[in-house]
Amino acid sequence: MSQTTPPTADAAPALTHPVPTDSAVRVETHGIDYIPDTERHGRARDLFAVWAAPNVNFLAVVIGATLMLLGLNLWQALLVIVIGNLFSIITGIVAGSGPAAGTPSEVITRAMYGVIGNRFNVAIAGWLISVCYLAINWAAATTVAVGLLGRLGVPSSPWTIALSAIVIAAATMVISVYGHGLIMRLYQPLAVALAVIFAVMAVFVVGGAHWGYTPAEPLHGLDLVAMMAAGIALVASSPLSYTNSADFARYLPASTRVRDVALWTTLGMVIPGVLATFVGALAASAVDMSDPEAGLEKFLPGWFAPVFLISVIVGTIANNAMTAYSSGLALQAVGIRLPRSRTVLLDGTVGVLMTLFALLVWNFLDSVSSALQLAVAILAPVMGVYLADMLWRRNRYDGAALADDSHGSRFWFSGGVHIAGAVAVLVGIGAALLCSATLVYVGPVAALIGGIDLSVPVGLIVPFVIYLALVRRSPRSQASL
């Protein structure tokens, strides 16, 4: 890999610091530019807490409750939760491209789609979906915050909803603006604190759960398979949404092994993901979880409920800080010439507006399932192409060359588009949509097989195979190696 300083066409004006640093107490100066070896540091195991802290979150509890509302019993829901969370392995593998390239995922994917083609990829899979996740998570945390204010005698109103959303978003933006250094250091103790609080909460929920719970109308045959497949797509949407997982591993030394990055990233996602989601399912076995916050409070003693509610808000802030950080990088990769700190603030503004719309117009719980399931039809194909490219290149990425977005770039391909990547991902999205089955949309293939949602496996496998077949025949692809 070349160690020369890359062209600065992508770098925002404020990224011309003579010696950029990755400090917890200063705003990160790097954006989508290449991280030189002299600034690499850390160990792969540091990634465990980085991923554990945001995955101890309230949205996971909501998803667990939703599985029960779909008509599954407790053990069927547990099987769905485990299978869905195991897709975190893909997120972990993708994160391994970060140390190899020294650039974020939003730049690495130029190798798959070309400089111009990648802008479309990042705009949709990197920015738009990230902002939607910001809104969904902030909506959940705002609902909890309003409930907490109600305990203090402050009645719910559009004003309290708006102010709560803005305060939570502001706290998120502080972490995101300071960036990678603060995230790496803050999330270590934060993961421990959140894990302890959620563990105590889980003890109360386990004690009140109905382990032998059976739905009023148990599912059988194709109906059961269809609901379990839909549940897997719902749960898998969370790990598959991190198509940008390399963003948080790119400061690691280039010699860091992919398997180590994949292991610690996966463990940091799977362990809290399974536990938090299953707690939601356990709660739904005993109480009405159509209002998740009110449902959970029925298990908790009065003294602990406020502590738990605060931890939910803090966990959501941790989750969204990572999302906002990456979406800020996405805007830079799309071509917006602003410093990373300003693109993060721009994302925060859009996210807050979407949050208020979701809270004041939509029914939150009803919208979560369909939104996340439909997102999988895009996220899974993007992940499939990413995995295929890592395999084909054997995870050898020239970060300096990837940072070059000029017409002479090695990754310009044909008119700025890598045909192999564009064809693979578009066909993959089309195939995933044909096989999707959500509350608002059922694809024709899914309808033919009894409403079974196969969008995740089809969305991963089809573009993976197509991409490998095309790049092996393309002279332009070979030239980019």
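**View 1. Helices α18 and α20 in the predicted model.** The axes of helix α18 (residues 419–434) and helix α20 (residues 455–471) cross at roughly 155° and come within 8 Å. Axes are lines fitted to C-alpha atoms, for helices over the stretch in contact, with angles running from 0 to 180 degrees between N-to-C directions; helices are DSSP runs (H or I, at least four residues) numbered from the N terminus. The two helices, α18 and α20, are therefore roughly antiparallel to each other (angles over 145 degrees). The crossing of α18 past α20 is right-handed, that is, the near helix is turned clockwise from the far one by less than a right angle. On the α18 side the contact (heavy atoms within 4.5 Å) is made by Ala420, Gly421, Val423, Ala424, Val427, Gly428, Ala431 and Ala432. Residues of α20 in the contact include Val458, Val462, Ile466 and Leu470. The contact of α18 with α20 has 13 nonpolar, four polar and no charged residues; Ala, Val, Leu, Ile, Met, Phe, Trp, Tyr, Cys and Pro count as nonpolar, Asp, Glu, Lys and Arg as charged, and the others, Gly among them, as polar.

The model is predicted: local features need pLDDT of at least 70, side-chain atom pairs count only at pLDDT 80 or more, and totals for chains, interfaces and linings use all residues. Residues are numbered from 1 along each chain as its sequence is written, and side-chain values use heavy atoms, with hydrogens and water left out.

**View 2. Helices α8 and α15.** Helix α8 (residues 115–151) and helix α15 (residues 340–360) have axes that come within 8 Å and cross at roughly 55°. That angle makes α8 oblique to α15. α8 passes α15 in a right-handed crossing. Among the contributors from α8 are Trp127, Val131, Leu134 and Trp138, and among those from α15 are Asp347, Val350, Met354 and Leu359. By class, this contact has eleven nonpolar, five polar and one charged residues.

**View 3. Leu240 in the largest nonpolar core.** This core has 140 residues, and Leu240 is one of those that touch the most other members, together with Leu67, Tyr187, Met201, Leu296 and Phe308. A nonpolar core is a set of buried Ala, Val, Leu, Ile, Met, Phe, Trp, Tyr and Cys residues joined through side-chain atoms within 4.5 Å. α8 gives the most to the core, with 13 residues. Beyond its neighbours within four places in sequence, Leu240 contacts Phe87, Ile90, Thr91, Leu379, Ala380, Met383 and Val456.

View 4. Ile35 lies in the segment before α1 (47–55). Ile35 counts as buried, at 0% relative accessibility (buried means under 20% relative accessible area, 1.4 Å probe, protein chains only). Leaving aside neighbours within four places in sequence, Ile35 is in contact with His30, Arg40, Gly102, Arg250 and Tyr251.

Terms used. Angles under 35 degrees count as roughly parallel, over 145 as roughly antiparallel, 65 to 115 as roughly perpendicular and the rest as oblique. Buried means under 20% relative accessible area, exposed over 50%, partly exposed in between (1.4 Å probe, protein chains only).
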